[in-house]
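Please read them beside the sequence and the structure.

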Amino acid sequence: ATGTHGLQTSAREIHRRIVLVYHRHHRAMTDFVNCSPARVAPRWLLVAFAFVVAIAACPVEAASGDYPADPPGDVPWHWSDWAPAGIDVIMEKFNAARAQDPTIGVDLVIEYTQDEWDNLSDNQKGLYLSNKERVDRGIAPYAAVARQVSDVAQDYATYLLEVEESLAHVATEAKWTGSGRDASKCCSPSERLGAALGDEKEFFAYSENLAWTSAGAASTFPEPVAYSVYAWIYDDSGASWGHRHFSLAELNDNAGDANVEGLAGFGVARSASGGTYTVMNVADEAAGWDHGSDSNIVLWSSMVGGGDSGTNATDAPNSDPPPSPSEDSGVRNGGAIAAIVVVVATALIAFATWQHALFDPEGFSARIIKAAVGAERFRAAHRAPRSWRRCSCLVPPAPEEEKEPARERRGFFGLFGRGEHVEKEATK
């Protein structure tokens, strides 16, 4: 009986201890939940948190620099005007589109005769027209056509025509290697340019523009590069003006001469049955790139009008200057948004660290806070009643005799609603 009674007593004692432990942990968890930001954070904090989440969910296009605002709408170059397409027609089409684009205030003037223009290569025409669009907006021109970039563009144009038979920035690996091409150069534009340039290129958010038309004969489509440059900049709303953003984006000007930056390359492949594919690739050369080497098959400074840079090009009378990043002109820049996200996220992390330190004054978060503000200040803040004195970590601790009577502590700064733990005197 005694043994049985002893077992019963032990079981009762164990049950009592379990209940005590349960209540102790339940009270601790209740205090933690009541003090958690999700439960008691002020509305402004919840709004700030929602703002950070919303901003983080929004894609931010990052380039080495800004690009001008989008035009109000497309200005198509109709197929019936593809041929003949001499320099007069090219200037007429570009200038009609420029007249509807508020980011540019001058007309395109091709500084070549028709015979000289006809003798230019696709790379020369592409560099000339692309840089005219940039310079006339005050944007630094591309420095050169590099052999490595041109080879990538031409090979990919041929690949699209002969193998892929459709527009795709990322090649199908099986088709790429099946065509005898090196797997190390597959499959995205940045991978193809990286394989060609190695560490001689820097990060640039854009790499490639593509265009295709069903016309494959030179007699019906004589200027594929001119048409493609035009379409990428003035007839691109269907792609959310992404090709235009690429064509007009600034680069990090840290290589070679000032106010010229970027290595371009153009490729054209055509057939009567497959149409015409045009590829434009651009890489931002590293600071050590040698612009005097034979890798630069076309230098902007060697072309007619190539002495112009993006710093002094828009001086036409009676025309507004192009928008600058400091003006409210629709220029995109993710830097300010990223800074706001970082600041708000840092504030939320600090808030969570402070909350956890108050809940567990001996934990890791508390050690961080003590190292930052001092142990005495933290202890004074931890001992403070539920009030704004929770900020006392930022000021010297109050003398011991001035302490208020201890109350139940819940939360941060005393911003949270009063609890319902009110003692009631029994009345009889």
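1. One cavity of 30 Å³ or more turns up in a search of the whole structure. A cavity here is a set of points, on a 1 Å grid over the protein atoms alone, where a 1.4 Å probe fits but cannot get out. The largest cavity holds about 30 Å³ of space, a volume being the space filled by probe spheres set on the points.

2. The model is predicted: local features need pLDDT of at least 70, side-chain atom pairs count only at pLDDT 80 or more, and totals for chains, interfaces and linings use all residues. Residues are numbered from 1 along each chain as its sequence is written, and side-chain values use heavy atoms, without hydrogens and water.

3. Which residues line the largest cavity? They are Lys-201, Glu-202, Phe-204, Tyr-206, Ser-207, Val-282, Ala-283 and Asp-284; lining residues have an atom within 4 Å of a point. Four are nonpolar, one is polar and three are charged. Strand 5 gives the largest share, three residues. Strands are DSSP runs of E with at least two residues, and helices are runs of H or I with at least four.

4. Helix 6 (residues 122-135) has end C-alpha atoms 20 Å apart, which agrees with the 20 Å that its 14 residues should span at 1.5 Å a residue. Twelve of the 14 are buried, so helix 6 is largely enclosed by the rest of the structure. Buried means under 20% relative accessible area (1.4 Å probe, protein chains only).

5. Helix 7 (residues 147-164) reaches 24 Å between its first and last C-alpha, close to the expected 26 Å. Its buried residues include Tyr-156 and Leu-160. Just after helix 7, Glu-165 has a positive phi of about 60°.

Technical notes
The expected span of a helix is 1.5 Å times one less than its number of residues. Buried means under 20% relative accessible area, exposed over 50%, partly exposed in between (1.4 Å probe, protein chains only). On a 1 Å grid over the protein atoms alone, a cavity is a set of points where a 1.4 Å probe fits but cannot get out, and a pocket is an open set with protein on both sides within 12 Å along at least five of seven lines; lining residues have an atom within 4 Å of a point. Ala, Val, Leu, Ile, Met, Phe, Trp, Tyr, Cys and Pro count as nonpolar, Asp, Glu, Lys and Arg as charged, and the others, Gly among them, as polar.
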